[in-house]
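Here are my notes on the model, point by point. Please read them with the coordinates open.

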Number of protein chains: 2
Amino acid sequence: MDEKVIIIGAGLCGALLALRLAQKGYSVIVYERRPDMRKETISAGRSINLALSDRGLKGLELVGIKDDVEALIIPMHGRMIHPLSGSSTFVNYSGRQGEWINSISRSGLNMLLLDRAEATGKVKFVFNVECQEVNFSKGELVLQDTINEKVETVNGDLIFGTDGANSAIRNAMLQASAKYRFDFSLKYLSTGYKELEIPSAINGGFRLEKNALHIWPRQGFMMIALPNLDGSFTVTLFLPFEGQHSFSKLTTQKEIMAFFADHFPSALSHMPDIFEDFSANPTSSLGTVKCYPWQINGSFLLMGDAAHAVVPFYGQGMNASFEDVVILDELMDRYNGDWKKILPEYQHIRKKDTDAIADLAVENEYEMRDATANPIFLLKRKIELHLEQNHPDYFSKYSMVTFREDLPYSVAMKKGRKQDAILMEYAGNLENIDEVDYAFLLDKLKKI
Amino acid sequence: MDEKVIIIGAGLCGALLALRLAQKGYSVIVYERRPDMRKETISAGRSINLALSDRGLKGLELVGIKDDVEALIIPMHGRMIHPLSGSSTFVNYSGRQGEWINSISRSGLNMLLLDRAEATGKVKFVFNVECQEVNFSKGELVLQDTINEKVETVNGDLIFGTDGANSAIRNAMLQASAKYRFDFSLKYLSTGYKELEIPSAINGGFRLEKNALHIWPRQGFMMIALPNLDGSFTVTLFLPFEGQHSFSKLTTQKEIMAFFADHFPSALSHMPDIFEDFSANPTSSLGTVKCYPWQINGSFLLMGDAAHAVVPFYGQGMNASFEDVVILDELMDRYNGDWKKILPEYQHIRKKDTDAIADLAVENEYEMRDATANPIFLLKRKIELHLEQNHPDYFSKYSMVTFREDLPYSVAMKKGRKQDAILMEYAGNLENIDEVDYAFLLDKLKKI
């Protein structure tokens, strides 16, 4: 534990990692490009609230703060589907008791992690510091204070890059790619997103069902909303950049208001500031980053979004990053703190699972946006919920990904895709939900 | 033709493009990071000689210099396969007359193109200038003179990035990727390479067959050699970085000499300076770059390796880059010089073909390195050569890729893969070449 440990990036992953390393006895210094979010209100650069589920909770349990997190979360037991006309449908995330996901404020959770890490007395956070250069063979970083512009060179035995989707450490690996044969891919969706808001009701209550993730699926685009503790909902519009219904067509107040009136009339009635929000908030793109290797020389390691940025449609970005810390923690024990063994083994066992959640997240855009408006899909979900209610050892793909932190993502993906193919085919040939032969189906599903 | 045209990169693609644009009436300024290769001996950073084939020749014909190129080339009619023991086998590239590939000096061809472009009076080359920043919305470049370090900002209506596999223009697109949804991937092989030499014989002649591409296939690694006009051969060792037979195992003189004596004894006898060459020359990695979009705002365009760097195993890197210029030239005519139409259409029609040659090149490592030592593959090649000799409308995958400049790479790949599957299966079930039922085979192949 004499290693000099440096972490670049004090976001969710970096703060959790710092806390865990401190608990294991390491002294850690964390450099963060942004100001201290506990002192200044800043944009975290990404969505305001996030879905926290079992893989993420396992990481928070590991560092002993699960109880404190309880006060920050709002359970979401299922999806509330809002069709264009007609009444809303609530679809549970699972047929079992006790399986739901949680809405949590990104900054609330991040600040809790910063506080707890600092409270160990072994973690020092240095804010407003940008990583400018990396020397991988020397274990050296050139850092610049973004306020006084002072430059310093620091050395570490162990340097973690948890600096997010635009990671400076990863960009340095890309610059040195020929030397380390660093594979990299970045792929964007044709869909963009914009955050909007449904404010709380005048009495401070929630204007929509509190304990749900709301979806307005519209074939090719959608809006979703997650609840906040203050009674508001953070709304996200996912819409193509180009095409018939697209951001490119929403440039005037008239176009914007007509678009919401046409496609989201029920939500619009709860969004008094829609035009101001739409105009003020950025339209952002959605990309998947994959790369490999994640480690260099047993002394540099990318974790979290820096190693595997995913699109948000499975609600697993933060959860996957926290699971990274859980897996690293297990390997620290297994290899007794021998980092030359831990880092290569970590990337070897972890890569296939973050590739899997990246692919699942891309696929799930279709499920949320289009399938939730498809009668066959809704029938299939009903069958699955029945299976989960009555056969507790049956887990849907969604349940395996979200609630089975004991199953690697890659296993959940492989098994889940096979289940989905069987169930969708079955549901497609069904006239009525009462006709389902559950014994036959279960038998088929067990053979996977 | 009033557009201000800037080209970044005066390598093979940039010089050919400049020449063609000048012939079409444009005034062009070309900035190149390296010194003028006509005045200083410099490393071009890549292989010394290259295989020039029909797609590349079409580009040279377009600008009217095919005859001048004749003086620079050495025809290679087929592969000379050198087994570990026993005699060499010569395998033709095609069963037809007049189909072969050509060895050409990279710098010789590049200098010819520079001279011809300059001779138009409409192209100005500026050497020792590095592109540091790009402003895509303004059409602006920040350039630095690498000798006096002076920085200047230049504007262009039309800016081409032909600055190779590590393109500065492409890197700037990657930095602005979220804005332009610029997809990028870089993937390395586990194989590296090192250039070596077989010098000319004492009398100035060739020590090996002059009109062949020599291959020493060794299951998992190989050496190849292409002839130079001075009687020497440029030799390339392709070897994994790690593993039993790998660069990592070749660190001492003893290890290096033993490796060549064990695996390449016949070649070693022609390589008197093997240890000096091996020690002095770099070990380089092999990567594939894919990206998209290639164009921004109808005013920036990536071409050549900047848009699609491929591994060298199909001998098509330069040929694909020259074909880029041919295709752009066709679109300039079709759209009457309307660049806002030309650039989007260019990337739309060209992308699938450079993806195809990228994938074919990766696959062909196996063919050159391992399959050429496989009796079934050699039998399959004999059958194919017979088909090509006797049925002039039959083209092998290799022939379609290499000699059919009228067929897009993507078509050659698709059809060629199907042919290969049929022929390999057929050859695998064959006892003797005399048993081949050519009528049956042709019928099967025609149904593809």
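1. A definition comes first. A salt bridge here is a side-chain nitrogen of Lys or Arg within 4 Å of a carboxyl oxygen of Asp or Glu. By that rule, the side chains of B:Asp183 and A:Lys187 form a salt bridge, at 3.3 Å from N to O. The rule finds 2 salt bridges across the interface of chain A and chain B. Over all chains, the count comes to 56. Keep in mind that this is a predicted model.

2. The interface follows. In chain A, 15 residues are in contact with 15 residues of chain B. Three residues of chain A, namely A:Arg181, A:Asp183 and A:Tyr188, supply 44% of the area that chain A buries against chain B. The area buried between the two chains is about 1300 Å². Carbon and sulfur atoms give 51% of that area.

3. Do the copies meet through the same surface or through different ones? They meet through the same surface, because 100% of the interface residues of chain A are also interface residues in chain B.

4. Now the polar side of the interface. Between chain A and chain B the rule finds 12 residue pairs in polar contact, with both residues at pLDDT 80 or more. Two elements of chain A, α6 (177–180) and β13 (183–198), each supply at least two residues of the side that touches chain B. Which element gives the most to that side? The answer is β13(A), with 7 residues. By class, the residues on that side of chain A divide into 8 nonpolar, 3 polar and 4 charged.

5. β13(A) is joined to strand β13 (residues 183–198) of chain B by 3 bridges. These two strands run antiparallel. In this pairing, A:Phe184 stands opposite B:Leu186 in β13(B).

6. B:Ser285 deserves a look. This residue is found in strand β17 (residues 284–292) of chain B. Leaving aside neighbours within four places in sequence, B:Ser285 is in contact with A:Ala178, A:Arg181, B:Tyr188, B:Tyr193 and B:Phe241. The backbone oxygen of A:Ala178 lies 3.2 Å from a polar atom of the B:Ser285 side chain. As for B:Leu21, it is 264 residues from B:Ser285 in sequence and 34 Å from it in space, C-alpha to C-alpha.

7. Within chain A, check strand β5 (residues 78–81). With strand β6 (residues 89–92) of chain A, β5(A) pairs in the antiparallel sense over 4 bridges. There A:Ile81 stands opposite A:Thr89 in β6(A). With strand β14 (residues 212–217) of chain A, β5(A) is joined by 4 bridges, and these strands run parallel. A:Met80 stands opposite A:His214 in β14(A). On strands in general: in a regular strand the side chains alternate between the two faces of the sheet.

8. One salt bridge inside chain A is worth a note. The side chains of A:Arg369 and A:Glu365 meet at 3.2 Å, N to O. How far apart are A:Arg369 and A:Glu365 in helix α12 (residues 339–369) of chain A? They are 4 residues apart, so about one helical turn separates them.

9. Finally, the backbone. A cis peptide bond joins A:Tyr292 and A:Pro293, with omega about 0 degrees. A:Pro293 is found in the loop between β17 (284–292) and β18 (295–296) of chain A. In chain B, a cis peptide bond joins B:Tyr292 and B:Pro293, again with omega about 0 degrees. B:Pro293 lies in the loop between β17 and β18 (295–296) of chain B. Please also inspect A:Glu149. Phi of A:Glu149 is near 65 degrees, a positive value in a residue other than glycine. Where does A:Glu149 lie? It is in the loop between β10 (140–145) and β11 (151–155) of chain A.

Key
Residues numbered from 1 in each chain as written. Chains lettered and ligands numbered in written order. Predicted model: local features only at pLDDT ≥ 70, side-chain atom pairs only at ≥ 80, totals over all residues. Heavy atoms only, no water. Contact = heavy atoms within 4.5 Å. Buried area = accessible area lost by both parts, 1.4 Å probe. Polar contact = N/O pair within 3.5 Å; in protein donor to acceptor, adjacent residues only side chain to side chain. Nonpolar A, V, L, I, M, F, W, Y, C, P; charged D, E, K, R; others polar. Pairing = 2+ DSSP bridges.
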